[in-house]
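Here is a brisk report on one protein model. Have the sequence and the 3D view ready.

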Amino acid sequence: MKRVHIVGAPRSGTTLMLELLINGFEIDGYCSQEQSVFDLDRFDFNIYCSKNPQDTKTAGTLLSRDPDQWYIFMVRDGRDAIVSKHNAAPDRYWANLMQWRRALAEAAPYIDHERFITIKYETLTSDPNGIQGHLADRMGFLILKSRFSDFHRTAAPSGQSLHAMRGIRPVSSQNVGAWRKHKPRVVAQLSLHGDISDDLIRLGYELDRQWINELADVLPDMRAGFWNDFPSEAEKDVRETGIWKNAARYLALRGWRPIDQ
C-alpha cells in the first residue's frame, strides 16, 4: 500500500491538498478528517491519503523504514497563514507564528528526501495543474483522474473539509498577500515571536528586510487567537502524546520493529 501523508503548519493548505489529491488522482483510501499517520489499521488499499498538520516530525520515523511512505509538506507565507481564519472559530485568527516556525524546523531534516515533497501554497493556487504534474512525476504510482483546476466542478469534499476550506470554489491565489489587510495581527505576532525575515527570504517570499517598513506605526492587534501562542508544558505533553499515541501499534501491524521516537 502506498501511503501519502500531508503535513505543514495550520492554514498552509493541507486540507486543500488532501481534497485535490483524492479528487484528482485514482486514490481508493483516504481520511475524511485530520488523522494521525499512525492512526490506521487497514492496509488493503492501493493508495491511502491522509493529513495532519501536527505530524511533520513523524517523517524521520517512517521515511527511513517504509519505502512506500510519502509526505507532502505544505509551505505558506507565514504572514498569510497567521491571518487566515477557520469556520470553527470565524471570529478569531486560527494559527500563530510559533506553529509556523515549528513546522519549518521539524521539516528541515527531510527537505531533500526523495519521498518528502515540499509544495508552496502560493504555487499550488497559481498553477494547480503544474503542481499536479509535478506530483505525478515524483510519485509515479499516481493515476490522473481529474485536473486540479477542475476541482470546483468535480469535487465532493467531506463536511469537515468544506468547513476548514470555508466552502468549495475554484483554486485561486486571491488570498496570497492577505496579510496586508491584517497588519495589526502581523505586528502583534512579530512582537510575540520575533522577526521572521530570514525565513521569508530563505523561502523566497521576500528579497530583503524592507517589507518590515510596511508595518511602521501600525498598532498591534493583541487579541488571542484560537491556538495558544505559548502553550504550557501540559499542552505540549498532550500534543506529543497525540502524535505518537498509536505509533507502536501501527508499526507492529505493519510488521516493523519498535523504534525510538
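## Salt bridges across the chain

Arg101 is partly exposed, with a relative accessible area of 27%. Buried means under 20% relative accessible area, exposed means over 50%, and partly exposed lies in between (1.4 Å probe, protein chains only). Asp199 counts as buried, at 17% relative accessibility. The side chains of Arg101 and Asp199 meet in a salt bridge, at 3.8 Å from N to O. This pair links distant parts of the chain: Arg101 sits in helix 4 and Asp199 in helix 10 (residues 197-203), 98 residues apart. A salt bridge here is a side-chain nitrogen of Lys or Arg within 4 Å of a carboxyl oxygen of Asp or Glu. Helices (H or I, at least four residues) and strands (E, at least two) are DSSP runs, numbered from the N terminus.

The model is predicted: local features need pLDDT of at least 70, side-chain atom pairs count only at pLDDT 80 or more, and totals for chains, interfaces and linings use all residues. Residues are numbered from 1 along each chain as its sequence is written, and side-chain values use heavy atoms, with hydrogens and water left out.

Helix 4 also carries Glu106. Glu106 forms a salt bridge with Arg239, with the closest N and O atoms 3.4 Å apart. Arg239 lies in helix 11 (residues 233-244), and the two residues are 133 residues apart. Glu106 counts as buried at 15% relative accessibility. Arg239 counts as buried too, at 14%. Salt bridges that share partners join Lys57, Glu106, Arg239 and Glu240 into one network.

Another pair is Arg42 and Asp44, whose closest N and O atoms are 3.1 Å apart. Arg42 is partly exposed, at 43% relative accessible area. Asp44 is exposed, at 55%. The structure holds 18 salt bridges, these among them. Side chains of opposite charge can pair when their charged atoms come close.

| Salt bridge | N to O distance |
|---|---|
| Arg42 and Asp44 | 3.1 Å |
| Arg101 and Asp199 | 3.8 Å |
| Glu106 and Arg239 | 3.4 Å |

Five strands form an open sheet in the order 2-3-1-4-5, with parallel pairing. Two strands pair if DSSP finds at least two bridges between them. The edge strands are strand 2 (29-30) and strand 5 (116-120), each pairing on one side only. Strand 1 (residues 2-8) and strand 4 (residues 69-75) run parallel and are joined by six bridges. The bridge partner of His5 in strand 4 is Tyr71.

## A loop histidine

His86 is placed in the loop between helix 3 (78-81) and helix 4 (97-107). Is His86 buried or exposed? His86 is buried, with a relative accessible area of 12%. A polar atom of the His86 side chain lies 2.9 Å from the backbone nitrogen of Ala88.

## The whole protein

The secondary structure comes to twelve helices and five strands. The radius of gyration is 18 Å, close to the 18 Å that the globule rule gives for 261 residues, so the protein is as compact as a globular protein of that length. That radius is taken over C-alpha atoms, and the rule is 2.2 Å times the number of residues to the power 0.38. The C-alpha atoms fill a box of roughly 60 × 45 × 35 Å, taken along the principal axes. Of the 261 residues, 51% count as buried.

Key:
Polar contact = N/O pair within 3.5 Å; in protein donor to acceptor, adjacent residues only side chain to side chain.
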